[in-house]
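Me: I've got a model open and I'm new to this. Can you walk me through it?

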Amino acid sequence: MKFYPLQFQPILKDRIWGGTKLKDYLNKPISSEITGESWEISTVENDVSVIANGVFAGKSLNELINESPEQVLGTKVYEKFGKQFPLLFKYLDAREDLSIQVHPNDELAAKRHNSFGKTEMWYVMQADQDARLIVGFKEKSSQKEYLENLENKTLIDILDTKKVKKGDVFFLETGTVHAIGAGTVIAEIQQTSDITYRLYDFDRVDANGNTRELHVDLALDAINYDVVDAEKSYSKVENEANAIVDCPYFTTNFIPLDGSLEVVNDENSFLVYMCVEGSFELKHDDVNYSYKTGDTVLIPAKMSEFEIHGKASMLEIYIS
């Protein structure tokens with residue numbers, strides 16, 4: 001079986017806080033005024049990505065993995081996760097603030113939801129002036145202080161707010177209380193999980209006048225009440241893979257491409273490229289594949305050698 005770079009039909013999600021930037025900035029095929037998320041590669045139940053290009057078009061990612069697990073996932077990934085694709089890739093447009101929320105760790109998520117936990121990373125692709133993110137507590141907190149502030153609707157007063165710009169990166173370990181703020185477009189890399197505990201939603205109501213469910217009790221023992229250092233600094237050496245995050249769940253590099261780069265993969269893991277700015281071409285077996293801002297491409301592990309060239313900012317993701 002001959003493998004090639006895979007793209008997928010985007011899974012678009014309307015959200016109460018969404019907007020139109022996924023179309024305006026990333027050319028996603030949205031028609032709604034409140035599209036908040038484009039799931040680029042997913043095997044979450046009922047939201048499994050379908051291949052959009054080449055001879056495998058129309059086949060789901062799960063089907064392809066079932067047929068050729070090691071060739072798609074990689075030897076080490078298959079040994080560790082079986083036929084599960086362990087990561088979820090998204091773009092998000094926050095026209096309004098997202099809810100303040102937290103994600104459980106692997107142990108809690110497995111016990112309560114038969115799921116992975118949700119460690120995640122944000123790369124800020126676009127930020128309006130004064131756009132902000134909430135990441136953790138300003139000072140060490142406690143269940144008691146957290147609940148008092150939640151009840152008094154002053155929770156935001158004890159949380160750490162970060163002003164952000166394009167290129168900023170935040171690595172959010174499970175347990176970190178967080179929220180994406182209005183006016184940002186985010187590339188998100190996370191474990192395959194859709195488990196979110198919503199703590200506070202600014203008393204918003206939907207078009208039908210309904211508030212969204214909160215998960216205050218579930219969150220109590222999921223929260224890390226310590227101060228966290230989530231912002232990541234990283235190098236930007238041209239035509240090199242500059243390390244941003246290296247954790248048990250994924251490794252992410254930043255590639256400022258201006259020219260060409262030869263890539264040799266050891267076939268232990270698949271690779272994913274998210275084009276966060278510009279455009280590039282990937283050459284494999286004398287075939288050129290073209291990508292632009294907002295494109296996400298999965299390189300099956302069996303594709304061990306290829307070349308990328310162009311002028312782009314790229315996130316490179318794999319499991320080490």
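Me: Which loop does D286 lie in?

Reply: D286 lies in the loop between β17 (271-284) and β18 (287-292). Strands here are DSSP runs of E, at least two residues, and helices are runs of H or I, at least four residues, numbered from the N terminus. This is a predicted model: local features need pLDDT of at least 70, side-chain atom pairs count only at pLDDT 80 or more, and totals for chains, interfaces and linings use all residues. Residues are numbered from 1 along each chain as its sequence is written, and side-chain values use heavy atoms, with hydrogens and water left out.

Me: Is D286 buried or exposed?

Reply: D286 is exposed, with a relative accessible area of 71%. Buried means under 20%, exposed over 50%, and partly exposed in between (1.4 Å probe, protein chains only).

Me: What is the phi of D286?

Reply: Phi of D286 is near 65 degrees, a positive value in a residue other than glycine. D203 also has a positive phi, near 55 degrees. D203 sits in the loop between β13 and α7. D203 is partly exposed, at 47% relative accessible area.

Me: New topic. Which residues of α6 are buried?

Reply: In helix α6 (residues 143-151), Y146, N149 and L150 are buried. Seen down the axis of α6, the buried residues fall within an arc of 105 degrees, so they line one face of the helix. The arc is taken from the directions from the helix axis to the C-beta atoms.

Me: Why do residues three or four places apart point the same way?

Reply: An α-helix has 3.6 residues a turn, so residues three or four places apart point the same way.

Me: And what is on the other side of α6?

Reply: K144 and E151 are there, and they are exposed. The buried residues of α6 pack against β13 (197-200) and α7 (216-219). Contact means heavy atoms within 4.5 Å.

Me: How many residues are in the largest nonpolar core?

Reply: The largest nonpolar core has 61 residues. Such a core is a set of buried Ala, Val, Leu, Ile, Met, Phe, Trp, Tyr and Cys residues joined through side-chain atoms within 4.5 Å. F85, Y123, Y273, F280 and L315 have the most contacts inside the largest core. The largest share, 8 residues, comes from β17.

Me: What is Y273 in contact with?

Reply: Leaving aside neighbours within four places in sequence, the contacts of Y273 include F280, V297 and L315.
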